[in-house]
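Please walk through the structure below from its overall layout to single residues. The text moves from the whole chain to a helix pair, then to the core and the loops.

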Amino acid sequence: MRITVLVDFQNDFVDKALGFPGAEKLDAPIAARLRENFANGDYFVQTNDTHGTDYMNTREGKNLPVMHCGYGTHGWKTYGVTNDVIEDIIKHARCYI
């Protein structure tokens with residue numbers, strides 16, 4: 001059994017507030033790995049960077065004054081096809097949230 005850990009693959013880190021050119025190229029390989037692992041009965045764990053509306057008043061917000069990954073916003077959600085695969089896994093799998 002394998003466990004894949006997906007760390008902060010969110011819209012704001014790919015093509016929005018803190019995104020960078022080329023990050024979108026990771027989407028297809030990540031989605032393929034998650035599909036493969038699910039088909040093999042393996043697991044994945046996902047983390048999402050998450051900030052509240054008070055972000056700009058936090059220590060991080062004062063040092064990185066770019067609002068990003070606000071809870072529930074488009075920027076907070078998982079990027080691209082990877083998001084679709086995760087939603088499918090959640091619908092059809094043993095899932096621990």
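Predicted model: local features only at pLDDT ≥ 70, side-chain atom pairs only at ≥ 80, totals over all residues.

Residues are numbered from 1 along each chain as its sequence is written, and side-chain values use heavy atoms, with hydrogens and water left out.

The protein has four helices and two strands. Helices (H or I, at least four residues) and strands (E, at least two) are DSSP runs, numbered from the N terminus. Read from the N terminus on, the order of elements is β-α-α-β-α-α. The C-alpha trace spans about 45 × 30 × 20 Å along its principal axes. Of the 97 residues in the protein, 29% are buried. Here buried means under 20% relative accessible area, exposed means over 50%, and partly exposed lies in between, with a 1.4 Å probe and protein chains only. Contact means heavy atoms within 4.5 Å. Among contacts between residues at least 6 apart in sequence, 70% join residues at least 24 apart.

The next topic is a pair of helices. Two packed helices are described by the angle between their axes and the distance between the axes. Helix α2 covers residues 27–39 and helix α4 covers residues 80–92; their axes come within 7 Å and cross at roughly 15 degrees. That angle makes α2 roughly parallel to α4. Angles under 35 degrees count as roughly parallel, over 145 as roughly antiparallel, 65 to 115 as roughly perpendicular and the rest as oblique. The axes are lines fitted to C-alpha atoms, for helices over the stretch in contact, and the angles run from 0 to 180 degrees between N-to-C directions. The crossing of α2 and α4 is left-handed, a term used if the near helix is turned anticlockwise from the far one by less than a right angle, with right-handed used if clockwise.

Which residues of α2 and α4 meet? From α2 come D27, I30, A31, L34, R35 and F38, and from α4 come G80, V81, T82, V85, I86, I89 and H92. By class, this contact of α2 with α4 has eight nonpolar, three polar and two charged residues. Ala, Val, Leu, Ile, Met, Phe, Trp, Tyr, Cys and Pro count as nonpolar, Asp, Glu, Lys and Arg as charged, and the others, Gly among them, as polar. A28 is also found in helix α2. A28 is exposed, with a relative accessible area of 53%. The C-alpha atoms of A28 and V81 are 6.8 Å apart in space, although the two are 53 residues apart in sequence.

The largest nonpolar core has 10 residues: L6, F9, V14, A23, A31, L34, Y79, V85, I86 and I89. α2 and α4 each supply at least two residues of this core, and α4 gives the most, with three residues. A nonpolar core is a set of buried Ala, Val, Leu, Ile, Met, Phe, Trp, Tyr and Cys residues joined through side-chain atoms within 4.5 Å. Not counting residues up to four places away in sequence, A23 touches F9, F13 and V14.

Most residues other than glycine have a negative phi, and most peptide bonds are trans. D8, which is not a glycine, has a positive phi of about 50 degrees. D8 lies in the loop between β1 (3–7) and α1 (11–14), and D8 is partly exposed, with a relative accessible area of 23%. C69 also has a positive phi, near 50 degrees. C69 is in the loop between α3 and α4.

Is C69 buried or exposed? C69 is buried, with a relative accessible area of 0%. Leaving out residues up to four places away in sequence, C69 touches Q10, D12, F13, D49, T50, H51, G75 and W76. H51 is found in the loop between β2 (43–47) and α3 (59–63). H51 is buried, with a relative accessible area of 11%.

H74 lies in the loop between α3 and α4. Apart from neighbours within four places in sequence, H74 is in contact with N11 and K16. H74 and N11 are 63 residues apart along the chain, and their C-alpha atoms are separated by 6.9 Å.
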